[in-house]
Every structure is written in structure tokens, then in C-alpha cells.
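Work through the exercises below with the model open. Try each task before reading its solution.

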Amino acid sequence: MFSNKENVNILTALLVAHGIRHAVVCPGSRNSPIVHNLHACADIQCYPVTDERSAAFYALGMCQALKQPVVVCVTSGTALLNVAPAVAEAYYQHLTLIVISADRPPQWIDQLDGQTLPQPDALGRFVLKAVSLPEPHDADTRWYCNRLVNEVLMTRRGPVHINVPITEPLFDYSVDQLPNERKIEFKPADMSPATLSHISRMFLQAKRPMLVSGQPMNPLMDEAVILVGDDEAYIPDFVLYIGGSIVSKRLKRFLRKAKETWVVNETGEVADTFMNLTHVFQGDTEAVADHIRFMLVMEPHPFVQQWDALLSRIRQKAEAYEPAYSQMAAVKYFESRVGDAIVHYANSTAIRLANSFAHHPVWCNRGVNGIEGSLSTAAGFSVVADRNVYCVIGDLSFFYDQNALWNQNLDGRLRILLINNGCGGIFHMLPGLEQSPAREAYVAAQHHASAEGICQQNDVVYLSASDMPQLKAGIDTLFNIDSNRPVLLEVMTDPSVDEQVLKEYYKSLTL
């Protein structure tokens with residue numbers, strides 16, 4: 001029988017799944033559920049040592065002898081601090097010493113409760129990775145707990161720390177078996193022909209495989225997900241995910257219906273975006289994507305062809321749609337003229353419109369950034385580029401980052417399309433927010449500012465448009481003008497019209 005603490009059971013099951021077979025355990029009440037599980041688990045051999053400092057060095061010696069990861073498990077409080085000397089030694093010997101510490105619930109830290117101190121990150125830079133597990137109370141926190149343990153146990157060639165808060169009562173051993181936990185496999189940098197062949201074979205053998213590229217582009221996928229809804233015939237069973245962040249929340253929710261995801265990235269990081277990750281490959285994402293595309297030419301897959309046909313129909317409808325004068329009209333016309341130029345899109349509405357109409361890779365600070373820095377990034381890019389750099393940006397992003405234009409480095413290589421509807425237009429697209437009287441002035445930051453004065457003070461060529469003929473003429477000028485200074489076209493639109501045009505666009509796709 002095992003402990004009734006779910007985070008402890010998840011941890012135990014994954015220790016076994018990742019091949020951990022030896023654990024040095026120290027006495028204590030708070031860590032007793034962990035020690036009980038390790039002892040109850042037939043796959044793990046336990047070695048009791050009372051002194052935590054000595055115990056950690058015992059485990060270190062086992063790592064040296066076995067050339068395998070070894071656990072040292074301690075209770076809460078200063079017990080954890082006593083393992084620091086051995087952890088530091090493991091760090092410089094590149095040995096995988098797995099420190100597991102029990103902890104008090106976080107709400108009791110610094111409240112004069114016995115044997116409590118801030119344990120997360122207590123071992124500092126001497127561990128390659130440190131996590132503190134949640135006590136699961138729903139599906140999301142259970143997935144989070146599983147993911148954290150997998151991330152730690154995939155780390156090799158150095159010590160790691162798993163902190164386990166445990167709420168009383170502690171001594172309930174009523175669970176008859178460990179959970180069947182998802183194990184995430186890690187393949188280090190080795191994009192050999194054999195590895196590429198393995199990935200492509202798994203992709204082509206799946207019944208419903210999908211190759212998904214994150215940033216810089218997910219063209220028309222949001223529209224496609226709206227159209228297919230819950231149609232099982234379009235839901236993938238195998239996702240090969242490359243690239244960076246995905247803008248569309250709708251697309252992410254859709255891909256969470258898949259059975260499993262394999263991720264390829266250049267860092268080997270665990271990016272469990274769809275909550276069904278099973279394999280991580282470290283390597284060149286473009287090489288993998290090119291290989292898969294080549295294999296699909298040689299051996300077409302019915303499910304991929306089905307999705308290609310759907311996206312082709314959506315693309316035809318998107319290109320045929322003629323939006324009224326609006327932000328969408330500005331981006332659509334811009335993209336019809338831009339070719340394969342270097343284009344930076346700011347966050348929020350701008351990048352979402354790019355996902356509908358761009359036919360080329362785009363740059364966007366979609367890793368963690370909000371509206372800040374989009375213009376500065378494009379400006380910095382232009383300084384070292386060998387051709388013009390275009391930045392499509394909304395008004396809040398532009399005014400927030402206007403100091404990007406206040407420097408002596410810029411020249412005519414920077415071209416800016418500013419779509420200004422006097423507010424954060426994205427907030428008009430969020431169902432339910434219209435019920436808040438704070439939406440316009442406080443959430444969407446409604447304003448009446450123009451970029452003309454900013455351009456004058458920074459010697460930026462200023463153009464403006466307030467109707468469709470001016471819009472098209474301004475964009476043509478943005479591409480063709482010969483200037484040794486940056487050029488900005490400010491397109492003034494109405495947020496209510498922008499909202500209506502977007503709704504009509506999505507409606508047109510279903511007709």
C-alpha cells in the first residue's frame with residue numbers, strides 16, 4: 001500500500017519510470033510519506049542514513065560507483081540545508097544526485113511554525129533544476145505536478161532538487177497501487193539520419209499526424225479550428241511540434257485533444273503546450289520540418305492531404321474577402337504587396353491579423369512580451385539589416401514604445417505601418433468584457449492620440465490615411481518612397497468597425 005498524497009505518488013511512479021533504482025533516506029515525520037513509498041516500491045532499494053550531511057555523501061558515492069542517478073530524501077527545515085556540501089560536489093563532478101525534500105505547505109512558511117523555512121531554490125546555483133510540487137486538486141495541477149517531475153528527472157549530468165509540500169495528516173497509507181504516469185522521453189542533440197528517420201516513421205505511421213509550427217507563423221489555423229469544431233475526423237492523434245509560441249488560444253485548446261505530442265526544439269526544453277507531451281528532441285527544427293515535408297512528397301498522407309485541402313479552401317475565401325476600411329483591410333492590402341520582405345508584427349491584434357493574411361515568416365516578440373518593445377525590436381533589426389524592415393503595430397504598442405524612434409541610429413530602412421483605432425482593439429473581441437463599465441477607459445485605454453507630433457520631433461517621414469484610397473496610396477508609398485529617414489504610415493480606424501469587419505470575415509469562411 002502507498003501514501004494517499006497524490007504528489008508523492010506521482011513522484012514515486014515517475015522515479016520508477018525514469019529508471020531510478022537507489023535511494024538514501026533520512027528519518028523525519030514530514031518526509032515519511034515519501035520514505036514509505038520508496039520502501040513500498042519493489043523497484044527501488046532504500047538505504048537509511050540518519051545524518052543528512054552524511055546521507056547526501058552516501059548518495060554521491062553511489063552515483064560515482066553506479067554511474068546512475070541516486071536519490072537522497074530528507075525531511076523539512078534545516079535538514080535540507082545539510083545536503084548542500086554534497087550537492088556542490090555533485091555539481092562540479094557532473095553527477096545526477098536527486099535531492100528530494102519534504103516541506104510544509106507554503107502558507108505556513110515564515111509563520112513561526114516548527115521546522116519551516118523557504119525551501120524552494122534553497123540550494124541555489126548548485127542544482128541544475130529545482131522544482132516545488134503542487135498538491136494536486138484538479139486536472140491542471142495534476143498535469144503540472146507530472147510535468148515538473150518529468151522535467152527534473154530528464155535533467156542529467158548534475159544535481160537536481162524536488163521539493164514536496166505535504167499537508168497533514170501524514171500517515172494515511174490507503175492507496176493500493178501507484179498511478180500510471182505519463183513519462184516524457186528526452187533525446188539529446190543528435191539529429192542523425194537515424195533519428196530523423198525515426199521521427200518521420202512515427203509521423204507517417206500515425207493515423208492522423210499533424211506538423212505544427214509555432215512562432216513565427218500558424219497561417220489560417222485559427223480559422224480552420226473554428227470551422228472543424230469537434231469533428232473527430234480532423235483531430236490529430238500525433239502532433240509533431242516545432243518552433244516557438246502559438247498565438248491562438250483556440251488552436252492550443254484544439255491540439256490538447258490529440259493523444260500525444262513530440263516536440264523538437266534547439267534547447268531540449270520541456271514545452272508541454274498541449275498537455276500531452278511524450279517526447280522531446282533537441283535539434284534543428286527546420287531540418288526536421290524539411291525532412292517531414294520531403295517525406296510527405298514521397299509518401300502523401302491522407303490526413304495531411306485532408307488538412308491541406310481545408311486550409312486551401314480557407315485561404316481562397318480569405319483572399320476573396322474584401323474587408324471594409326479597417327485594420328484588417330490595412331493588413332490584408334499590406335500583405336498583398338509585401339512579398340518576402342522582413343516584417344515585424346507587434347503583439348495583440350497585429351499578430352492575429354498576420355496569422356490570417358501573411359504568406360511569409362514574420363517576427364514577433366511572442367515569447368513572453370506584451371505590448372512593450374515591439375517597435376524597438378524592429379528598429380534595432382533595421383540598424384543592422386541590409387534591406388528595409390517593416391513593422392506593423394497597433395496604437396497602444398506604438399505609443400508605449402515611442403522612444404524607439406528617439407535615437408541617432410535609424411535611417412530609411414525602418415518602415416512602420418501604425419494601425420490606430422484609439423484603443424486596445426483586442427479588448428473589443430473578448431466575450432463578456434463588454435459588460436464592464438471599465439472596458440473603454442481603463443482596460444482598453446481609450447485615447448485620441450496621433451503619431452504625427454512624435455514623427456516630427458524624431459525626423460520621421462509621416463503619412464496618414466483615413467479611407468481606403470488613402471490607405472492603398474499610403475502603403476504603396478511606404479514600399480516605394482526613397483528616404484534616408486524612417487517612414488511611418490498612420491491608418492486611423494474605428495474600433496467598432498474593426499470589430500464588425502472581423503466578425504463578417506469569420507462568417508464569410510463558413511458560407
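**Exercise 1.** Is Asp459 buried, partly exposed or exposed, and what is its relative accessible area?

*Solution.* The model is predicted: local features need pLDDT of at least 70, side-chain atom pairs count only at pLDDT 80 or more, and totals for chains, interfaces and linings use all residues. Residues are numbered from 1 along each chain as its sequence is written, and side-chain values use heavy atoms, with hydrogens and water left out. Take the classes next: buried means under 20% relative accessible area, exposed over 50%, partly exposed in between (1.4 Å probe, protein chains only). Asp459 has a relative accessible area of 48%, so it is partly exposed. Now place Asp459: it sits in the loop between α16 (452-457) and β15. Helices (H or I, at least four residues) and strands (E, at least two) are DSSP runs, numbered from the N terminus. Finally, check the backbone: Asp459 is not a glycine, yet its phi is positive, near 55°.

**Exercise 2.** Find where Asp121 lies and classify its exposure.

*Solution.* Asp121 lies in the loop between β4 (97-103) and β5 (129-132). Its relative accessibility is 56%, so Asp121 counts as exposed. Asp121 too is a non-glycine residue with positive phi, about 65°.

**Exercise 3.** Which residues does a cis peptide bond join?

*Solution.* The bond links Glu168 and Pro169, with omega about 0°. Pro169 belongs to the loop between β6 (160-165) and β7 (185-187).

**Exercise 4.** What handedness has the β-α-β unit of β15, helix α17 and β16?

*Solution.* Apply the rule: a crossover is right-handed if, with the strands pointing away from the viewer, the path from the first strand over the helix to the second runs clockwise. The unit formed by β15, α17 (residues 468-480) and β16 is right-handed.
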